[in-house]
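Welcome! Please take a moment to look over the sequence and the 3D view before reading on.

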Amino acid sequence: MELLIFYPLAGFCVVLALGVVFNNSPVGSALALIGMMLGLAGIFILQQAHFIAILQIIIYAGAIMVLFMFVIMLLNLKKGDDAGWIARERNLLLSVLTGLLAVGILYKISDVLFTAKMDTPATLPDTFGTVAVIGETLFTDFVLPFEVASILLLAAMVGAVVLAKTKLD
Amino acid sequence: METVPLSHYLMLSATLFVIGIVGVLIRRNVIVVFMSIEIMLNAVNISLIAFDNYMNLSSGQIFSFMVMCVAAAEVSVGLAIIIALHRNKPTVNLDEFNLLKW
C-alpha cells in the first residue's frame, strides 16, 4: 500500500519540480510549486508526520505561495521576461563545471544510499508525529530554539515592512 | 506489509535538491530562482522526516518545523527586497542587478 502511494506521489513531485524550473511564465512556476508542496505533504503523511504535513499545507502551500503569487501579480511579470535557461557565454565554462558537480553529487549520494545498510527501521509507536508528541518535544527540549524562531519571525516582519516601504537609495 | 526503504526517500530528497540547484543556476528570473530555493528547503525536509521515521525520533520534525520558520522569514524579507529592487530598476532579470559589482 505504501509502495502504491509513494512512487506515483514521488514522481508527481519530481515532475512538478521540473515544471517549476522549466516553465516560461512565473505564474505557471508558482502553480507547479504549489502542487509540489501538496505532494510533499502527502509524502509526509506517508511517513506518519501528520503535524508537519499540516504545517506544510498551511505554511508552504498556503502562506508562502500566496505571498509569491501576490508579488508576481504586483510586479506584473509577463511570459519570457528573462532569457530562459540559456547559459551566458562568458560563464559557459563555470556553468558546465557546476552542472558536472551537481550530477556528481547526485551520483555519489545514490552510490552511498544503495550500498548503505538501512533496512532495519525502528518500530513506531501509535503516537509518532502527532501534535501532542511534537508539542511536548518542542516545549521541553527545544524551548530556546522555539523562542529564537519567534524573534526571527518578528525581525523578518519588521524587516519586510521597512524594506518594502522605503525607497532604496 | 511492504514498506518503502529509507534510501528511496533520500533519493527523492536528493533529486529534488539537485532540481533546485539547477533552477538557481540556470534561471535568470529572480522569482523563479527564489522558488528553486524553496524546492531545496523542502527537499531537506523530506530527508529530515525520513530519518525521523526510521529512527523513531521527534527532533527531526522539530528541525523541519524550524526550517519552515526560517523559510517563511526568508520569503517575506526576500520578496520585500525584490519589490524594493523592482522599484529602483524595473526588471526581474538577475543579470541586470549589477549595482554592487565593481
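Here is a short briefing, grouped by topic.

This is a predicted model, in which local features need pLDDT of at least 70, side-chain atom pairs count only at pLDDT 80 or more, and totals for chains, interfaces and linings use all residues. Residues are numbered from 1 along each chain as its sequence is written, while chains are lettered from A and ligands numbered from 1 in the order in which they are written.

**Chain A in outline**

- Chain A has six helices and zero strands; helices (H or I, at least four residues) and strands (E, at least two) are DSSP runs, numbered from the N terminus.
- Along the sequence, the pattern of chain A reads α-α-α-α-α-α.
- An automatic or database domain assignment gives chain A domain 1 (1-78) and domain 2 (130-169).

**Where the chains meet**

- Chain A brings 73 residues to the contact and chain B brings 66 residues; two residues are in contact if their C-beta atoms, placed from the backbone, lie within 7 Å.
- On the side of chain A that touches chain B, H3(A) gives the most, with 13 residues.
- That side of chain A divides into 59 nonpolar, nine polar and five charged residues. Here Ala, Val, Leu, Ile, Met, Phe, Trp, Tyr, Cys and Pro count as nonpolar, Asp, Glu, Lys and Arg as charged, and the others, Gly among them, as polar.

**The nonpolar core**

- The largest nonpolar core has 69 residues, and among those touching the most other members are A:Met36 and B:Ile31. Such a core is a set of buried Ala, Val, Leu, Ile, Met, Phe, Trp, Tyr and Cys residues joined through C-beta atoms within 7 Å.
- H2(B) supplies the largest share of this core, 14 residues.
- Domain 1 (1-78) and domain 2 (130-169) of chain A each give this core at least three residues.
- Not counting residues up to four places away in sequence, A:Met36 touches A:Cys13, A:Leu16, A:Ala17 and A:Val20.

**Two helix pairs**

- H2(A) and H3(A) pack at an angle of about 175°, and their axes are 8 Å apart. Axes are lines fitted to C-alpha atoms, for helices over the stretch in contact, and angles run from 0 to 180 degrees between N-to-C directions.
- That angle makes H2(A) roughly antiparallel to H3(A), a label for angles over 145 degrees.
- The contact of H2(A) with H3(A) has 20 nonpolar, two polar and no charged residues.
- H4(A) and H1(B) also pack at about 175°, with axes 10 Å apart, so H4(A) is roughly antiparallel to H1(B).
- The contact of H4(A) with H1(B) has twelve nonpolar, four polar and no charged residues.

- Most residues other than glycine have a negative phi.
- A:Gln48 is not a glycine, although its phi is positive, about 70°.
- A:Gln48 sits in the loop between H2 and H3 of chain A, and counts as buried because it has 21 C-beta neighbours inside 10 Å.
- B:Asn56 has a positive phi near 55° and lies in the loop between H2 and H3 of chain B.
- With 13 other C-beta atoms within 10 Å, B:Asn56 is partly exposed.

Note on methods. A residue is buried if 20 or more other C-beta atoms lie within 10 Å of its own, exposed if 12 or fewer, and partly exposed in between; C-beta atoms are placed from the backbone. Angles under 35 degrees count as roughly parallel, over 145 as roughly antiparallel, 65 to 115 as roughly perpendicular and the rest as oblique.
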